[in-house]
Each structure stands twice: as structure tokens, then as C-alpha cells.
Amino acid sequence: MKLVVRVKLLPTPVQAAVLEATLHACNEAATWAADVAFTTKAMKPLALRKHTYQQIRARWRLGAQAAQHVIKKSCDAYTALRANLRNGNYGKPGSKRYAKATGKPVAFRQDAAQPYDDRMLSWQHHARTVSIWTTSGRMKNVAFTGEAGQLAVVAARRQGESDLICQGGQWFLLATCEITEAEPNTHLVGFVGVDLGIVNIATTSTGKRHSGRRLNRRREADRSLRSKLQKRGTKSAKRRAKKHAGKEARRARDINHKISKRIVAEAQRTGRGIALEDLTGIRERARLKKPQRVTLHSWSFHQLGAFIAYKAKRAGVPVVHIDPAYTSRECSHCHHVEKANRSTQAVFTCRSCGFAEHADRNASHNISHRGWYQWVRGAESHAPALTLIA
């Protein structure tokens, strides 16, 4: 299993200026190469290399490996664009979004990530420094830091490329590590059903409820502050807005890491698997009023599900995804399905058997049941073979 570890660099002001110039040069070259690919329709690395390699090396003073990565990065961007178009992420052909996405070449931000392989980047883990290629030559003794456990993973398991990126004036290396998965538990006693939501971020069938009230209030405060600063438009307002950029996403990411860690730890401790709803396409399916759309699109359910999935793999906990249809309307006792069963957001009362429960808790039980049925139907039979006696 591949795991990306974020390592923070601590360059001096001089080193930071060199890294910035290098990143800007690489992304300018990538934007130019993407424009050539768009014009010539040469969107494969080998074909694009014939049109751009020599000019990139001469014009932006990039090394051979850096030029190769720039060309590949441009081609990968078009590959990702085609995949998004096929999946309908830019609407239907002929729509404004579709036309806008296909009507111009791909462009890269100045601070977009740049891949580095082992020829361009070497790690000195004992000294906590890296030696990195730049447009001004090889730059040594660039310090880095991070959490001790993550740095140990990088030292022991790093493989392949690492990406150099600048965010908010801070420098990071995104190191790809190959992690050995634990042997999955095939003798489960049940499943922990996880109901994902906005009011309650996650509710488990074992009784744990992770409230989203505090996060939602902070999000509303952040949106209000951004709107206020944008309307003001002064230099100090722009400076403050830049300082707060990405804060909401980092907060949500931290909360999702903590929640996923607790859910996986509980499932591992109790010998259970984890059942999640397959919420793919829910943003397109949902029909909401305009004030509710911002809340829905701020809901990071996919990130939380991804965190649960990779942590579960490391712990050997099986994860299944079930059909979410009617999990909030179905009674977990008698399985009667009716819209009126859920009278409010928080209250579930079955119109057939009278069972009453918190709505999210009831839904989590349904998810747990469906996860178990799906596991049993798909599990290999271990019944002993029959012996015929003549």
C-alpha cells in the first residue's frame, strides 16, 4: 500500500529563494509544454518530448531529469483532464464548463508541485537534511523536520518520487512510501456500521457519535470572515485573507484523521470489520436549496472514508461499502421502510413496530447489518468436505 508522508523543509532565506526560483521555472516550462501539447495534439511523453525537450533545457536551464518530469507532468495533466471529462465532472459535452475545460491549454500555478526522483533528491536521515537539485545547481544541507514516527516511515519505506511544493510560504516534500499491509482478519464477529453526515460527522453502531457542531460553526465563521475581507479589499484585508487561506481545510483534515483513527482502533479491538455507505455522486443527486449547497459541498465525507480505508488496511480490518438507499428510513428492528419513520433530523420512530432511536444511530445499525450480509455473501465457504462411506 502506498502512503504519502508530508515532510516539512526548513530552508534558510537564501535557500528558500533558490527553491522558489526553481519551482517557478519548472511550472512556467510545464505551462509552455502544455500549450505546445494542446496546439500539436502531442499529449504523450515521447511525442511531446520531440517538440519541447531541447527548448525547455535551454530556455529555463533545467537539468535532463527535471525537463523529463516537466514534460511528463504536462501529459499527466491532460490524462487527468480526459478522465474528468469521461466521468462527467465538467458537465455534458456542449455545456459551458465542458467547453471552458476543453477550449484552452492546461496551465500550472507558479507554486504547483514538482516531482523529484532519486537522481535529483537525496536524503540524509541521520542529519535530517536533504540535497536537492535546483536551477542554480545542487543545493545541500536543506534541513527538514516532522513527527518522529512519520520520519521513521520515510527512512525505512520511501520509494519512487517525492514532490516539492510550497504552501503559504512553507516548503514541503511529499514522500511516497510503500507500506506493508497487515493480514486481513477473515474471522469477523460483526461489522461497525458508520453513518456519515453533516450534523454528526460520523455515528457508529457501537454508540459513538462524533458531532460536527463545532466544525460547522467554525466553517460558518470562516465563510463570514472571508466575505467580510473580500468586500473590504484593502491591503491589510488581503494579507489577513491570505493568512487564513486553507485553514478550514486543514482543520477538517485533522478532525477526519482523529475520527478515522478511533473508528479503526475500535473495529480492530473488537474483531469487527467496518461498513461504510457508498456516497459516490451524492452531490449531483442531492436537490437542495441554495443556502444548503455550501454546507453540502463543504462536507468532506470522501476524505474521511479514504482515511478510514487506508488506516483499516494497515490494521488488517476489512472495509465494505454498501448501498445507502433508505438506510435513514428503514427500522433496524423490523426493517419497515417509510419516509414518515424519520420525523426530524435526529429522531427515528418506526410507524410499524414503534421502535424509537436516534436517527443516525438507527441508520448505523442498518449499515452494520447490510455490511455483514454483503460480507457473508461474498466470503469463501470454509465448511469441511463431505466424506462418502461406501
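**View 1. The lining of the largest pocket, sorted by class.** In this predicted model, the lining of the largest pocket holds 18 nonpolar, 11 polar and 15 charged residues. The pocket contains about 1,600 Å³ of space. Of its 44 lining residues, the closest to the centre are Arg-6, Phe-172, Arg-250, Arg-253 and His-257.

**View 2. The elements around the largest pocket.** Which element gives the largest share of the lining? Helix H8 does, with 10 residues. H8 spans 247-270. Other helices also give two or more residues, among them H1 (13-40), H5 (148-157), H7 (235-244) and H11 (301-315). Strands take part too: S1 (2-10), S6 (158-167) and S7 (170-178) each give two or more.

**View 3. The second largest cavity.** The whole structure has two cavities of 30 Å³ or more. H6 gives the most, with three. By class, one lining residue is nonpolar, one is polar and four are charged.

**View 4. Thr-22 in helix H1.** Find Thr-22 in helix H1. Is Thr-22 buried or exposed? Its relative accessibility is 1%, and buried means under 20%, so Thr-22 counts as buried. The side chain of Thr-22 reaches the backbone nitrogen of Thr-135 at 3.2 Å. Leaving out residues up to four places away in sequence, Thr-22 touches Tyr-116, Trp-133, Thr-134 and Thr-135.

**View 5. The largest nonpolar core.** In soluble globular proteins, nonpolar side chains tend to be buried together. Here, the largest nonpolar core has 55 residues. Leu-9, Ile-56, Leu-62, Trp-123 and Leu-164 touch the most other members. Helix H1 gives the most to this core, with 12 residues. A second, separate core has 19 residues, including Leu-215, Ile-259, Val-264 and Ala-312.

**View 6. The surroundings of Leu-62.** Which residues does Leu-62 touch, not counting residues up to four places away in sequence? The contacts are Ala-25, Cys-26, Ala-29, Ile-56, Arg-57, Ala-67, Val-70, Trp-133 and Thr-135. Within the largest nonpolar core, Leu-62 is one of the residues that touch the most other members.

Definitions and conventions. Residues are numbered from 1 along each chain as its sequence is written. This is a predicted model: local features need pLDDT of at least 70, side-chain atom pairs count only at pLDDT 80 or more; totals for chains, interfaces and linings use all residues. Side-chain values use heavy atoms; hydrogens and water are left out. On a 1 Å grid over the protein atoms alone, a cavity is a set of points where a 1.4 Å probe fits but cannot get out, and a pocket is an open set with protein on both sides within 12 Å along at least five of seven lines; lining residues have an atom within 4 Å of a point. Grid points are joined across faces, edges and corners, and a volume is the space filled by probe spheres set on the points. Helices (H or I, at least four residues) and strands (E, at least two) are DSSP runs, numbered from the N terminus. Ala, Val, Leu, Ile, Met, Phe, Trp, Tyr, Cys and Pro count as nonpolar, Asp, Glu, Lys and Arg as charged, and the others, Gly among them, as polar. Buried means under 20% relative accessible area, exposed over 50%, partly exposed in between (1.4 Å probe, protein chains only). A polar contact is a pair of N or O atoms within 3.5 Å; within protein, one must be able to donate a hydrogen and the other to accept it, and residues adjacent in sequence count only if both atoms are side-chain atoms. Contact means heavy atoms within 4.5 Å. A nonpolar core is a set of buried Ala, Val, Leu, Ile, Met, Phe, Trp, Tyr and Cys residues joined through side-chain atoms within 4.5 Å.
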